[in-house]
Amino acid sequence: MEGVRLFTKEQLFSKQSPGDSLGLFEDGVRDESKQECHTLEADMMLQHGLKTCLENLARHLFGPETELRWTSTYFPFTHPSWELEVKFQGDWLELLGCGIVEQQILHNAGVEHKVGWAFGVGLERIAMKLYSIPDIRVFWSTDPAFLAQFQHNDPYVPVCFKALSNHPPCLADVSFWVPEGFQEMDFLDLVRTVGGDLVERVQKLDVFIHPRTHRTSYCFRIVYRHMARVMSQEEANAIHKDIGHHAEQNLGVELRIK
């Protein structure tokens, strides 16, 4: 789910005194906290509105006492950009990404007189956590056994997902040294792309920093399971090897065990 909100000068500063000489744009310098074309006042108002809106959304979904944290990140269409994480069942969960829309994009769209912010939420990731669903594939299922678990008039009725497949899983671990700038989500996306519907879940087991070389190593466990039949370990190993090959080729990692 994605959302964008745009503002004119009058809308952004609607609560300010009419005598205040506040503007949206300036010929400034780009830094990590703002774009070169935005005034400091406009940037601060945008950031405040964005974060307040999304924090309210997170607490509506996970509860009013939910612990939240913001982390700076990079997205090509916003600057500055952040990720919002929530503390859920003892772990930090990445909930969404957001940021101030790059002004050049608004200029290209014919609304150069406005500024705005945007966000994107992975609804499946939220549902997986809220309902303890380990396998993202079931969201595309039309199996009545799955759909019936969520047929409640009250959306706040607690639901704990019951697994659909009785076939045993196949497990395989992979560990690798990562290059500078490695993004964990890039590897998770690659696993889903290569493994497809046979990947049930990916679990990060360890992050290790070598005391002498200061190189960083990640270790993941990938769970493979076929939805309709028993899957052999040999089948899983073949896919697992292919994932490792693509990770080396596309992400620049170095497998620790080949």
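Let's start with the second largest pocket, which has a volume of about 330 Å³. A pocket here is found on a 1 Å grid over the protein atoms alone, as an open set of points where a 1.4 Å probe fits, with protein on both sides within 12 Å along at least five of seven lines. Lining residues have an atom within 4 Å of a point. The volume is the space filled by probe spheres set on the points, with points joined across faces, edges and corners.

Of the 15 residues that line this second largest pocket, Phe 7, Leu 12, Lys 15, Met 45 and Gly 49 are the closest to its centre. Two or more lining residues come from each of β1 (2–7), α1 (9–12) and α2 (40–62), and α2 gives the largest share, 7 residues. Those labels are DSSP runs numbered from the N terminus: helices are H or I with at least four residues, strands are E with at least two. By class, the lining has 6 nonpolar, 7 polar and 2 charged residues. For the record, Ala, Val, Leu, Ile, Met, Phe, Trp, Tyr, Cys and Pro count as nonpolar, Asp, Glu, Lys and Arg as charged, and the others, Gly among them, as polar.

A quick word on the source: this is a predicted model, where local features need pLDDT of at least 70 and side-chain atom pairs count only at pLDDT 80 or more, while totals for chains, interfaces and linings use all residues. Residues are numbered from 1 along each chain as its sequence is written, and side-chain values use heavy atoms, with hydrogens and water left out.

Now, how much space lies in the largest pocket? About 1900 Å³. It is lined by 48 residues, and nearest its centre lie Glu 94, Arg 125, Glu 184, Met 185 and Leu 188. Which element gives the most to that lining? It is β4, with 9 residues. The classes there come to 21 nonpolar, 12 polar and 15 charged residues. At least three lining residues are drawn from each of domain 1 (2–130) and domain 2 (170–255), bounds that come from an automatic or database domain assignment. The centres of the two domains, taken over C-alpha atoms, are separated by 32 Å.

Stepping back to the whole chain, we have 7 helices and 9 strands. The C-alpha trace spans about 70 × 55 × 35 Å along its principal axes. Of the 258 residues, 38% count as buried, meaning under 20% relative accessible area, with exposed being over 50% and partly exposed in between, using a 1.4 Å probe and protein chains only.

Let me pick out some residues. Ser 217 sits in strand β8 and is buried, at a relative accessible area of 2%. A polar atom of its side chain lies 3.4 Å from the backbone oxygen of Phe 176. Val 199, in strand β7, is buried too, at 0%. Its C-alpha is separated by 19 Å from that of Leu 251, 52 residues apart along the chain.

Last, the cysteines. With a disulfide taken as a pair of cysteine sulfur atoms within 2.5 Å, the count comes to 0. Cys 37 is in no disulfide, and the nearest cysteine sulfur, that of Cys 98, is 18 Å away.

Note on methods
A polar contact is a pair of N or O atoms within 3.5 Å; within protein, one must be able to donate a hydrogen and the other to accept it, and residues adjacent in sequence count only if both atoms are side-chain atoms.
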